[in-house]
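Hi,

Here is the structure I promised to pass on.

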Number of protein chains: 2
Amino acid sequence: MSKLYVVGIGPGAPDQMTLRAREALAQAEAIAGYGVYVELVRPLFPDKEYLVTPMRREAERCRAAIDAARAGRTVAMVSSGDAGVYGMAGLALELARGQGVEVEIVPGVTAALSGGALLGAPLGHDFAVVSLSDLLTPWERIERRLELAARADFCVAIYNPASHRRADYLRRACEILLRCASPETVCGIVRSVGRAGERAEVMTLERLKDYPADMFTTVFIGNSQTREIDGRMVTPRGYRDV
Amino acid sequence: MSKLYVVGIGPGAPDQMTLRAREALAQAEAIAGYGVYVELVRPLFPDKEYLVTPMRREAERCRAAIDAARAGRTVAMVSSGDAGVYGMAGLALELARGQGVEVEIVPGVTAALSGGALLGAPLGHDFAVVSLSDLLTPWERIERRLELAARADFCVAIYNPASHRRADYLRRACEILLRCASPETVCGIVRSVGRAGERAEVMTLERLKDYPADMFTTVFIGNSQTREIDGRMVTPRGYRDV
């Protein structure tokens, strides 16, 4: 049967990939993906065939990968981070239906984990992951999720906190969180984990409101117990003393 | 400076570890951890010194690892999954404070991702991760989080759904979720990812209520858009058509 791997490659540094992800890429005859992510793996496998598509053409990219697999090639489609978290796995499964292509999902280290490790342990207790992108999700629903997450005292990892078109979305998100959470809540940002310009910074929720996030930033909001310890962001494993 | 790595080793299979995790273990002179996880890495590095401690003695385990690092050895403390998600990273940072030990957190593939990949793409949109263990967290707070997560239409990954002492906790959790979510909500369970007895199954929320989960099970609750596609659990990336 034709085979399509959907591979999460982690944050970008080759050593943050799992061995299984690397093996899937090694086995593939063709590697499909969005330009930036493909360029992260091309140096490791320079002699593969590459099917590169522009940003946001996800369905087109999936169909090209599925067609290549149907034509008899083993194909790996790469996502940054994990293949399932805002990644291509679901779309691949949907579009591969009835096409005679076996789809295998290879998980990877998503930004909540790679960025979290750089900051310390921001997600040491129950947490939520929320994307601020309103391309496919109405903004009202995103707002409601943030509000309910704050009321639940979840730690929150925010993906896609800003873009050119959405320059003020992180501010708007912080204002919603501040309805429930203290302005002193310990927060953190990471940027470009494992790549040039890597950066991690701990700050209060009040200060986060004015942070100039971009599309390479992941944002972490602590819960009521999160503390700063020696410059790291640490959420304890519970609500009682160790 | 003395060095302590806190390493997430992923679900258990050696190829689900990142290359960086493997390198950290290779560099360590001593490997610390709870017995079951240590046994997963011992075959890869049979000649290391091992500091094995029983379950639940987390602070003791951390102190032993920090003491070994202070004595001049490079030490790696292993967590299953990711080091930060209900793992040892936060405790290590807390207890290492002022001890002259550099702590480096090495992230790994947590069960929400490894189990998710096995099921399909259950966490393709915003999600929450909730542990049902009430050892360190009052049950009322766990209940409230589940209720708010369902109201927010988050996908939910449930860790520690049951133990001998907490045989009916998954049923109680499902009953709370059913206050907001349809009994037909697409859900899934995975068990022992990458190890003997690996299993993945898709079912409705109504049926999940009676599922005999154990401590090796991770549970996934879909959102209102989640569907079953060819036996896989798939949450679309948004609320609009592709």
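**Chain A overall**

With 242 residues, chain A would have a radius of gyration near 18 Å if it were a compact globule, and its 19 Å therefore agrees. That radius is taken over C-alpha atoms, and the globule rule is 2.2 Å times the number of residues to the power 0.38.

Before going on: this is a predicted model, where local features need pLDDT of at least 70, side-chain atom pairs count only at pLDDT 80 or more, and totals for chains, interfaces and linings use all residues. Residues are numbered from 1 along each chain as its sequence is written, while chains are lettered from A and ligands numbered from 1 in the order in which they are written.

Along the principal axes, the C-alpha atoms of chain A fill a box of roughly 55 × 35 × 35 Å. Chain A has eight helices and 13 strands (DSSP runs numbered from the N terminus: H or I of at least four residues, and E of at least two). In chain A, 54% of the 242 residues count as buried (20 or more other C-beta atoms within 10 Å of the residue's own, placed from the backbone).

**A helix pair in chain B**

Helices H6 (residues 139–151) and H7 (residues 169–177) of chain B pack at about 40 degrees, their axes 8 Å apart (lines fitted to C-alpha atoms over the stretch in contact, with angles from 0 to 180 degrees between N-to-C directions).

Best wishes

Terms used:
Buried ≥ 20, exposed ≤ 12 C-beta atoms within 10 Å, placed from the backbone.
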